[in-house]
There are 6 protein chains.
Amino acid sequence: MEKWINSLQTKTPQEGFELAITLAQKGIQYTQPSEKIRKKLRPKYSEDAENLIASSQVIAIHFETVAAANNYWYKRG
Amino acid sequence: MEKWINSLQTKTPQEGFELAITLAQKGIQYTQPSEKIRKKLRPKYSEDAENLIASSQVIAIHFETVAAANNYWYKRG
Amino acid sequence: MEKWINSLQTKTPQEGFELAITLAQKGIQYTQPSEKIRKKLRPKYSEDAENLIASSQVIAIHFETVAAANNYWYKRG
Amino acid sequence: MEKWINSLQTKTPQEGFELAITLAQKGIQYTQPSEKIRKKLRPKYSEDAENLIASSQVIAIHFETVAAANNYWYKRG
Amino acid sequence: MEKWINSLQTKTPQEGFELAITLAQKGIQYTQPSEKIRKKLRPKYSEDAENLIASSQVIAIHFETVAAANNYWYKRG
Amino acid sequence: MEKWINSLQTKTPQEGFELAITLAQKGIQYTQPSEKIRKKLRPKYSEDAENLIASSQVIAIHFETVAAANNYWYKRG
């Protein structure tokens, strides 16, 4: 697969959260490389409450990693 | 998406818990951007025991991150 | 919501475990604020093996956070 | 509830694993205090593959906490 | 139960992964001590996609613990 | 089983992510050693939304471990 990530460091928590979303999506893309099949399954993710919560959980786990990688974007006052 | 988070640091554990809830909701909003569809699914989240527990779990994972980001709001005695 | 938590620090592991239970319940209360609906769903939590295990899992995640916040109540011998 | 835990520190990894099992069971007991109902549900836990794996997962999360609390029972060589 | 674990320290990441598998299996054995029942359930674990993924998840959580216990088998270059 | 892993250290986050995928797959291979059965189950993983999200979650947990093992590939500026 072509290069899709350079670093876990981001400038802001929001960029970190968006990176967590990318990581969650990549987990799915590696497991199901066919874009056609993924497109067909898309409504199952995004229009089903249980799957939406499960997706949010995968994002939460990746965000835990990304936040730690950025030392929680901590700024001394 | 417009800016919705500036920092993981909060003044109190309760504000940190509420930030964890926001993070859980944002994971869902990014995955399903249509407010109309999310509104339609709302009762599935909040009136189903299994989905409520699953939502509480996503909050728990984010709270783990937020609490670490705040050094557990530790106050030396 | 009114103030319901002051600190993640507790005197004993057992109090910490009970705080983890409170945190798990709060995740559900914030998601479903209606006490009436929650009461209706109560038997689904507590009389269904799958939901009981899932509830125990949310408690486990929060206990991980609370235990870290208390440095595992470590006492040097 | 009466006192059921004094410390997260154990002498050996095996005792730590068994403490993790106790913690997982306590999460269920607090959520469903009736021993009668829990006994009725027991076969659902222990004779259903999905629930057994889920129970093993709750134990895994608690073991992560207990192992950290014991600094992984690390012995310098 | 007889002694089945002495230490979380292993020589290699692969041995650590195999220890994580043992820990996941032990969680199931403690919950369902009857070998006869476990044998009957075996095909449900290993021939069902959902249960296989769930088993792999329990292994992942234990591996997180074992890897930390071994300081990630880190070797300075 | 023959040797399949030497180290958790990788040069880049992307290689680390791909190692996390390998670890998730190995968890399944150890639980179900028969390649024939795994092949039969493959479509269940990769063409079912719920299982795809669950697979992505296992990858997320392993990535958390691998990222920590690499100190998040942190480069001082």
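# Exercises on a predicted six-chain assembly

The model is predicted, so local features need pLDDT of at least 70 and side-chain atom pairs count only at pLDDT 80 or more, while totals for chains, interfaces and linings use all residues. Residues are numbered from 1 along each chain as its sequence is written, chains are lettered from A and ligands numbered from 1 in the order in which they are written, and side-chain values use heavy atoms, with hydrogens and water left out.

## Exercise 1: axis and neighbours

## Exercise 2: the interface of chain D and chain C

Task: describe what chain D and chain C bury between them, and decide whether the copies meet through the same or different surfaces.

Solution. First count the residues: 33 of chain D are in contact with 25 of chain C. Next take the buried area (the accessible area, with a 1.4 Å probe, that two parts lose on being put together, summed over both), which is about 2500 Å², with 68% of it on carbon and sulfur atoms. There are zero salt bridges between chain D and chain C, a salt bridge being a side-chain nitrogen of Lys or Arg within 4 Å of a carboxyl oxygen of Asp or Glu. Helix H1 (13–31), helix H2 (35–46) and helix H3 (49–69) of chain D each supply at least two residues of the side that touches chain C, helices being DSSP runs of H or I with at least four residues, numbered from the N terminus. The largest share of that side, 12 residues, comes from H3(D). Finally, only 15% of the interface residues of chain D are also interface residues in chain C, so the copies meet through different surfaces.

## Exercise 3: a lysine and a leucine

Task: state whether Lys26(A) is buried or exposed, and list what Leu8(F) touches.

Solution. Lys26(A) belongs to helix H1 (residues 13–31) of chain A and is buried, with a relative accessible area of 13%, where buried means under 20%, exposed over 50% and partly exposed in between (1.4 Å probe, protein chains only). Leaving aside neighbours within four places in sequence, Lys26(A) is in contact with Met1(A), Trp4(A) and Phe17(F). The C-alpha atoms of Lys26(A) and Trp4(A), 22 residues apart along the chain, are separated by 9.1 Å.

Leu8(F) is among the residues with the most contacts inside the largest nonpolar core, which has 156 residues; such a core is a set of buried Ala, Val, Leu, Ile, Met, Phe, Trp, Tyr and Cys residues joined through side-chain atoms within 4.5 Å. Not counting residues up to four places away in sequence, Leu8(F) touches Phe63(E), Ala67(E), Tyr72(E) and Trp73(E), as well as Leu19(F), Leu23(F), Val66(F), Ala69(F) and Asn70(F).

Conventions. Contact means heavy atoms within 4.5 Å.
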